[in-house]
Amino acid sequence: MGFEDTALMSRILTLMTLSFHIIYATIGVGVPLMIMIAQWVGIRKNDEHYILLARRWARGFVITVAVGVVTGTAIGLQLSLLWPNFMQMAGNVIALPLFMEVFAFFFEAIFLGIYLYTWDRFEDQRKHFLLLVPVALGAAASSIFITIVNSFMNAPQGFDVLNGELVNVSPLLAMFSPAVPTKVAHVLSTAFMTSAFILASIAAFRLLRGSNHVYHKKALFLTMKLALVFSVATAIIGDFSGKYLAEYQPEKLAAAEWHFETGPEAELVLFGVLDGEEPKYAIRVPYALSILAHGVPSGEVIGLNDFPEDETPPLWIHYLFDTMVTLGMWLAFFSFVFVVGSWRGWSIVKQKWFRWLTVLSGPLAMIAIEAGWWFTEVGRQPWILRGYMKTSEGATASGQVDLMIVLFAGLYVILGIGTVVVLSRMYKRNPVEKELAQRESEKGGEES
Amino acid sequence: MTLEIIGISVLWLFLFLYVIVASIDFGAGFFNAYSAFSDKQHILTGIIQRYLSPVWEVTNVFFVFFFVGIIGFFPQTAFYYGTTLLVPASLALILLAVRGSYYAFATYGAKIDHRGYIYMYGLSGLLLPAALSPVLAISEGGFMRLEGGQPSLDYWALFTSPLMWSIVVLSLAAVLYISAVFLTWYAHKAGDVKATQLVRKYALVWAGPTIITATGIIFELRGHNPEHYASLLDLWWMFALSFLLFLGTVFLIWKKRNYGLAFILLVGQFFTAFFAYGASHYPYLLYPHLTIYDSFTNESMAIALIIAFIAGLGLLLPSLYLLFRLFLFDKDYVKGKSDYHA
């Protein structure tokens, strides 16, 4: 097996692990905040429904966390197993946030264990609520630190290379690369947005499946409001990400937009197919690319032709970019209609097809997350560390990666199916109506 | 004390903590499966669910801490160990997945009580140390070849090496022994007489094999790596101390007294042996290719990591204390009188 081959195999395995892990990671970062908000609303309003909502979400959440721990350990170890040359170099410069991520997760895991096993153990509900704060903080901090590492791969800094040796290493400078603000904000807001949409999907699905309980209506409205807030935040941050790319990784933006010639008044190309350098059948929005890149129609956007051919990403990332942006826009629009419609009592909000669209929004948000990560990773190619190390140079020399692909593919299929089966079985066996009735009778028993 | 020594000591300490907490976890799963197999089922299930489920993720982080930390402090290990360990480490990951999914699916989730799952979970507890411990054999040198500047593992040499197999057997015996001693204490605290009797018996059964294989490895090393053997002998007093602590544990378990102290002595026994072994390995991370000095990261990164470590520890220790207070030292919880699971 050749050198190129192991690099390709390593890429496939990494792609598989990350694509699978990001589902659990996104839920892991976003859902604690949702549980927190629901529990807080429940305590403030003294509404049993919101408390139970938090409790039921927590039960499902812990299952996704446990699988996320497994896939997270896998990707953590695979970084060194599949990309030893890269990790050897990166370890010298960017090990600090990786190390801090472990602490953040440590912190989260400890308090998650405590939170989960202490329901009703405290007289004062607020004490139990406080245990969730470190869980949410730890989860967010883990994602921030990991995103910092990814930012470094896109915009490396904080070291010099002298005769092939790394010198003048500054771990802090490496941590705060120009990619950090937009990337971290984007990862966090999309995690919150996606988690809100997924929980909304579940509530909408229960309502469609015959349960007309007010519990689900409360859940749906709460999550859709949160989804709207974070979709709008995501759109704004997305705009800043465009400006970051134009400044620091212009080849990525140019490839995403099929923009070949440097120039002002650049148009945004949506979808279509490429014929030579000419997009066909595409939706063209005049000036939009210049505005995305620089905020003004006259902004000059650097084109692909300014780069050596072997240093530009593949052009099919255009579709990943379009998928992410289109879904993001749709979800912001949809949640806006939902929330305004619910407030003003529009009848469409309660219609069946609209509910089905709500069910669809969770999976769509997750597809947008996948498209976004594929876009940022493939869009960095051919580099693993932009400008310093190509992906093929970072890969392992081991010839057994192909076998590992088969092994891990099987594992992820089993874990994925297991998650779905266990979650649906758990909630089916203990529907909310049953649990509410049970809690009601327990209370009655205490009082008599 | 140099930065290199501080770095390796921190990592070694966390690896030690992982060995202890993971052994408890692995062994408990095996005993549980074994009692299911021999129809003494459910004697241990309650204990496992009460203690292991809340702390499982924490156990796993000790492992992650070690392999992320070693890349941070000694980035060159990524090149040597990363390249050669692809297959064994991937297998270990799959086994970890079996365990993680058991907690996720069987104890947190729908409470699947399928026997096959219990057996798989139990078996993974034995296979994991068997998959991880050969790394210690590899670090002794002689199992890695450099071909065109790229390291690769000599599987034939490894699998025919008595040293590797003794280390595997020791890891299995130690896992079962550590776990049984801990569970004796925990079951006793829980006031579960049946479970205490059962695990106490296991503790006594596995004490012998642990000490015999541990001694055996020292003699294996004499032939395999004389340099390491010589420095081991220089530290004979630490191993002697470790042996005395071992006798103390066995005595207390035998006499059915003071199980808590017995477990503390056991931790002391493994601590002294583990650090004596580690110190005698100095300065090599991998004979003869890699020492802690030539693989060390730059000074500014090392200082940053140590500062982050101290800050992180300031956050972790109180949290760990809270965790253990609630699940290990809370009498009502341990006895299973209170169930507050979400």
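Helices (H or I, at least four residues) and strands (E, at least two) are DSSP runs, numbered from the N terminus. The model is predicted, so that local features need pLDDT of at least 70 and side-chain atom pairs count only at pLDDT 80 or more, while totals for chains, interfaces and linings use all residues. Residues are numbered from 1 along each chain as its sequence is written, and chains are lettered from A, with ligands numbered from 1, in the order in which they are written.

**View 1. A:Tyr319 in helix H10 of chain A.** A:Tyr319 lies in helix H10 (residues 317–344) of chain A. With 16 C-beta neighbours inside 10 Å, A:Tyr319 counts as partly exposed; a residue is buried if 20 or more other C-beta atoms lie within 10 Å of its own, exposed if 12 or fewer, and partly exposed in between, with C-beta atoms placed from the backbone. A:Leu270 is 49 residues away from A:Tyr319 in sequence, but their C-alpha atoms are 8.4 Å apart in space.

View 2. Helix H11 (residues 352–378) of chain A has 27 residues and reaches 39 Å from its first C-alpha to its last, close to the 39 Å expected at 1.5 Å a residue; the expected span is 1.5 Å times one less than the number of residues. A kink of about 30° lies at A:Ser361 in this helix, shortly before A:Pro363, the bend at a residue being the angle between axes fitted to the seven residues ending there and the seven starting there. A:Pro382 lies in the loop between H11 and strand E7 (383–385) of chain A, and the peptide bond that joins A:Gln381 to A:Pro382 is cis, with omega about 5°.

View 3. A:Trp258 lies in the loop between helix H8 (250–257) and strand E3 (268–270) of chain A, and A:Glu265 is placed in the loop between H8 and E3 of chain A. Phi of A:Trp258 is near 50°, a positive value in a residue other than glycine, and phi of A:Glu265 is likewise near 50°. A:Trp258 counts as buried, with 21 C-beta neighbours inside 10 Å, whereas A:Glu265, with 15, counts as partly exposed.

**View 4. The surroundings of B:Gly125 in chain B.** B:Gly125 is found in helix H5 (residues 115–132) of chain B and is buried, with 28 other C-beta atoms within 10 Å. Not counting residues up to four places away in sequence, B:Gly125 touches B:Phe26, B:Gly27, B:Gly29 and B:Phe30; two residues are in contact if their C-beta atoms, placed from the backbone, lie within 7 Å. B:Ile24 is 101 residues from B:Gly125 in sequence and 9.7 Å from it in space, C-alpha to C-alpha.

**View 5. The cis peptide bond at B:Pro288.** B:Pro288 is found in the loop between strand E3 (284–286) and strand E4 (290–291) of chain B. The peptide bond joining B:Tyr287 and B:Pro288 is cis, with omega about -15°.

**View 6. The side of chain A that touches chain B.** In this predicted complex, 60 residues of chain A are in contact with 55 residues of chain B. The elements that give two or more residues to this side of chain A are helix H2 (48–82), helix H3 (84–116) and helix H13 (401–429) of chain A, and H3(A) gives the most, with 23 residues. The predictor gives the complex an ipTM of 0.85 and a pTM of 0.89.
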